[in-house]
Amino acid sequence: MAKLNFGGTEENVVTREEFPLSKAQEVLKDEVVAVIGYGVQGPGQALNQKDNGINVIVGQRKGTKTWDKAVSDGFVPGETLFEIEEALEKGTVICYLLSDAAQIALWPTVKKHLTPGKALYFSHGFGITFNEQTGIVPPADVDVFLVAPKGSGTSLRRMFLQGRGLNSSYAIFQDATGKAFERVISLGIAVGSGYLFETNFKKEVYSDLTGERGTLMGCIQGIFAAQYDVLRSKGHSPSEAFNETVEELTQSLMPLVAENGMDWMYANCSTTAQRGALDWWKKFRDATKPVFEELYESVATGKESQRSIDSNSQPDYREKLDAELKELRDSELWQAGKTVRSLRPENQAVEA
C-alpha cells in the first residue's frame, strides 16, 4: 500500500502498479464470485471480472429482462448464469449488487447461504451502515467489505474497454478469515478500478448520498435549470441557452478540468471568462454551502436512507419514477439538449 499526499493530507491508496492483475488473479484463483443483481453495477462489474479471467457467475431471476441481458452479454444458463439461490450456494464471494430496497427484501435468503469463510461484497455502504433500517446484519464468520467505483456501472465498463480505470474506494467491515484485505483489493482490481482509496462503510455512504444529491446529480440539474430559465426569460433562444448552460460545460470545459484541474481550465479560457469566474465562484459557494450542510445532516441522521427505503419499496415506485423522469425528459431544457446533441459532428450522417 502506498501513501500519497492529497492536498497536504496523506492517504493510503492501492495502485495497479503495486497490486497488478496477475496478483489479483492468483488471490482469486479458487474463488467463485457470484454477482447477485444485473441492473446498474452488475453488468459492468461482472463483465470486467470475466474479461480479467476471474471465475464469475451471475445470479438473477429467470424470465426477467436482466436475465435476458446477462445471456446476451455472454453468460450461459446452467454454466455461468443461475437462479439467485443457486448462485448464492455456489459463490464463495457474494457480490451483493441489487438496489438498496431489493437488498433488504432478499437479505433473509442471502444470509442463509453465508456459510463460514465466505465473503459478502458490497459496492455501497447503505445496507450495513443503516442496518437498524435495513436489517442487514451479517454473521460473524464471513468477511464483509466493499469496493465502490466512483461512477456508474456503464462508465466502469466503458472505461475498462478503453483500457482505462475508474477510481474506487474500498472498506473492510469485518475480517473473519484474515484475508479480507487481499480479497477486497483483488476484487477492486478485477472489476476495473484505476486505483483504490481507503474509507469505511459509514463514510462511503455519507459521501455517496451527499454527492448524488449534490454536485453529481441533484445540484447540477438544479443549477442547469436555474441558469437556463434565466437566459430564456431574458429572451435568449433555447439553442443559445442550452449551449451556454450545458453543452459548453460538458463538451469543452469539464474535459479540461478532468485533464489538469480547475486552475488549468481557467488558465486556458479567455481573460474575460477568467475574471468573471474568479469574481463569482465564492458567491456560489457561500450561497450553496448552507444547502449542503442541510443535505449532509439529512444523510447523517438517516432521513435520506429512510426516505429512499420507503419510496423505493412501494409497489408503484417504477410508475412514479417514470413520471418524474418524464418531467425532466419533456422539459424544454432537455428537449433542446436532444436537438443540440443530434447536431454534434460525430452524430451527423457522413456525406458520400
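Start by selecting Phe-75. Leaving out residues up to four places away in sequence, Phe-75 touches Tyr-38, Ala-46, Leu-47, Lys-50, Val-56, Val-58, Ala-70, Thr-80 and Leu-81; touching, or contact, means heavy atoms within 4.5 Å. A quick note before moving on: this is a predicted model, where local features need pLDDT of at least 70 and side-chain atom pairs count only at pLDDT 80 or more, while totals for chains, interfaces and linings use all residues. Residues are numbered from 1 along each chain as its sequence is written, and side-chain values use heavy atoms, with hydrogens and water left out.

Together with Phe-75, they touch the most other members of the largest nonpolar core, which has 32 residues. Such a core is a set of buried Ala, Val, Leu, Ile, Met, Phe, Trp, Tyr and Cys residues joined through side-chain atoms within 4.5 Å. Buried means under 20% relative accessible area, exposed is over 50%, and partly exposed is in between (1.4 Å probe, protein chains only).

Which element gives the most to this core? Select 180-190: that's helix H9, and it gives 6 residues. Helices (H or I, at least four residues) and strands (E, at least two) are DSSP runs, numbered from the N terminus. Other elements that give two or more residues include strand S3 (33-36) and helix H2 (42-51).

Now jump to residues 200-347. UniProt (unreviewed entry) annotates this span as "domain: KARI C-terminal knotted"; such annotations may be inferred rather than shown by experiment, feature names are shortened, and positions follow the numbering used here. The span is 83% helix and 0% strand, and its end C-alpha atoms lie 43 Å apart.

Inside it, pick Thr-210, in helix H10 (residues 201-213). Is Thr-210 buried or exposed? Its relative accessibility is 14%, so Thr-210 counts as buried. Not counting residues up to four places away in sequence, Thr-210 touches Leu-295, Tyr-296 and Val-299.

Then click Ser-270, which UniProt lists under "binding site" (unreviewed entry). Ser-270 sits in the loop between helix H13 (262-267) and helix H14 (271-300). Ser-270 is partly exposed because its relative accessible area is 43%.

Last stop: show helix H11 (residues 218-233) and helix H17 (residues 332-342), whose axes come within 10 Å and cross at roughly 90°. Axes are lines fitted to C-alpha atoms, for helices over the stretch in contact, with angles from 0 to 180 degrees between N-to-C directions. Among the residues making the contact are Phe-224 and Tyr-228 of H11 and Leu-333 and Trp-334 of H17.
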